Amino acid sequence: MSADKLSRPQPSEATRNRVTLAAMTQDDLDTVMAIEQTAYSHPWTRGNFRDSLNPLFEAQCLWLDGELLGYFLAMRGFEEMHLLNITVAPAHQGQGWGHMMLDALTLLSRQSGAQWLWLEVRQSNLRALQVYEHYGFKQVSIRKDYYPAGRQQREHAVVMSLKL
């Protein structure tokens with residue numbers, strides 16, 4: 001077990017049973033943006049989230065007693081789902097919430113007829129790469145200069161897929 005997991009308490013089963021997953025709404029955007037801006041050096045804009053609140057996307061929030069733990073957004077395609085953003089609030093990382101959201105997304109993807117789940121992740125985001133690989137995603141390719149990286153630099157993305 002990693003030192004990170006050892007240093008963070010894992011939520012009890014009773015706590016996990018109080019968690020709810022609900023569709024993201026316009027009313028959630030202030031809270032979502034607060035997390036997004038603390039979690040990333042290049043956060044999504046409010047407009048990115050607002051544009052994703054339509055039937056072509058799966059936008060969900062994970063709540064515990066009124067506190068937003070995390071969220072994900074995915075775009076539906078023909079027999080596939082493309083994960084665009086999955087974020088756990090920094091104060092709640094390392095506690096299994098990301099895995100729980102991936103479970104929910106996998107279920108929603110299968111229910112919509114998807115056979116594949118796709119994503120891109122920053123090549124430097126070793127923690128996320130490890131999470132996705134542990135979950136069963138396979139690296140497919142590299143997208144060169146996909147992400148902004150500051151000072152007019154760009155960073156490669158690792159393209160990953162999961163057969164559902």
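Analyst: Leu-126 has a relative accessibility of 62%, so this residue counts as exposed. The model is a predicted one. Leu-126 belongs to helix H6, and that helix is the place to begin. For a sense of distance, the C-alpha atom of Leu-126 is 26 Å from that of Arg-16, a residue 110 places away along the chain.

Helix H6 covers residues 126–135, and its partner here is helix H5, residues 97–111. Their axes come within 11 Å of each other and cross at roughly 50°. That angle makes the two helices oblique to one another. The crossing of H5 and H6 has a right-handed sense. On the H5 side, the residues that meet H6 are His-99, Leu-102, Asp-103 and Thr-106. On the H6 side they are Val-131, Tyr-132 and Tyr-135. Sorted by class, this contact of H5 with H6 consists of four nonpolar residues, two polar ones and one charged one.

In general, strands of a sheet pair through backbone hydrogen bonds, in either a parallel or an antiparallel way. With S7 the pairing is antiparallel: seven bridges join S5 (residues 116–122) to S7 (residues 154–163). Here Arg-122 stands opposite Ala-157 in S7. Five of the seven residues of S5 are buried, so this strand is largely enclosed by the rest of the structure.

Ser-161 is located in strand S7. Its relative accessibility is 6%, so Ser-161 counts as buried. Leaving out residues up to four places away in sequence, Ser-161 touches Trp-116, Leu-117, Trp-118, Gly-136, Phe-137, Lys-138 and Val-140.

The other residue is Cys-61, in strand S2. Cys-61 is buried, because its relative accessible area is 0%. Again setting aside residues up to four places away, its contacts include Thr-20, Leu-21, Ala-22, Val-32, Leu-68 and Tyr-71. Phe-72 is 11 residues from Cys-61 along the chain, and their C-alpha atoms are separated by 6.7 Å.

What remains is the loops. Most residues other than glycine have a negative phi. Glu-79 is not a glycine, yet its phi is positive, about 55°. Glu-79 is in the loop between S3 and S4, and at 36% relative accessibility this residue counts as partly exposed. Gln-152, also not a glycine, has a positive phi of about 60°. Gln-152 is found in the loop between S6 and S7, and it counts as exposed because its relative accessibility is 82%.

One more loop residue, Pro-43, gives a distance across the structure. Pro-43 sits in the loop between H3 and helix H4 (46–51). With 32% relative accessibility, Pro-43 counts as partly exposed. Beyond its neighbours within four places in sequence, Pro-43 is in contact with Glu-36 and Gln-37. From C-alpha to C-alpha, Pro-43 and Gln-152 are 16 Å apart in space, and they are 109 residues apart in sequence.

How values were computed
Residues numbered from 1 in each chain as written. Predicted model: local features only at pLDDT ≥ 70, side-chain atom pairs only at ≥ 80, totals over all residues. Heavy atoms only, no water. Axes fitted to C-alpha atoms, helices over the stretch in contact; angles between N-to-C directions. Helix = DSSP H or I, 4+ residues; strand = E, 2+ residues; numbered from the N terminus. Parallel < 35°, antiparallel > 145°, perpendicular 65-115°, else oblique. Left-handed = near helix turned anticlockwise from the far one by under 90°. Contact = heavy atoms within 4.5 Å. Nonpolar A, V, L, I, M, F, W, Y, C, P; charged D, E, K, R; others polar. Pairing = 2+ DSSP bridges. Buried < 20%, exposed > 50% of the residue type's maximum accessible area, 1.4 Å probe, protein only.
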